[in-house]
Amino acid sequence: MPLYEYKCFECDKEFIVALSLSERQRGAVVQCPGCNSKNVRQMISSFIPRTASKTV
Ligand SMILES: [Zn+2]
């Protein structure tokens, strides 16, 4: 099951959600585990390693 990284607008918490493709296509509602807000946004950069060096 693919993992998606989300960020909450309300409390600024970042969290990982596992959603199947069919769940995503049905428009599954993602809630923040910290404050239960649905005001969350998917992080697009979740597949880029954070340790990637830019000093090349
Ligand atoms: Zn939150």
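Modeller: Leaving aside residues up to four places away in sequence, Cys35 touches Cys8, Glu10 and Cys11, where a contact requires C-beta atoms, placed from the backbone, to lie within 7 Å. This is a predicted model, in which local features need pLDDT of at least 70, side-chain atom pairs count only at pLDDT 80 or more, and totals for chains, interfaces and linings use all residues. Residues are numbered from 1 along each chain as its sequence is written.

Cys35 itself lies in the loop between α1 (21–25) and β3 (40–42); helices (H or I, at least four residues) and strands (E, at least two) are DSSP runs, numbered from the N terminus. Cys35 counts as partly exposed because it has 13 C-beta neighbours inside 10 Å; on this scale 20 or more other C-beta atoms within 10 Å make a residue buried, 12 or fewer make it exposed, and partly exposed lies in between, with C-beta atoms placed from the backbone.

Asn36 is also found in the loop between α1 and β3. Asn36 is exposed, since 10 other C-beta atoms lie within 10 Å, and its phi is near 65 degrees, a positive value in a residue other than glycine.

Asp12 is 23 residues from Cys35 in sequence and 10.0 Å away in space, C-alpha to C-alpha. Asp12 sits in the loop between β1 (3–8) and β2 (14–18) and has a positive phi of about 70 degrees, although it is not a glycine.

As for the whole, the protein follows the pattern β-β-α-β along the sequence, and 5% of its 56 residues count as buried.

How values were computed: Two residues are in contact if their C-beta atoms, placed from the backbone, lie within 7 Å.
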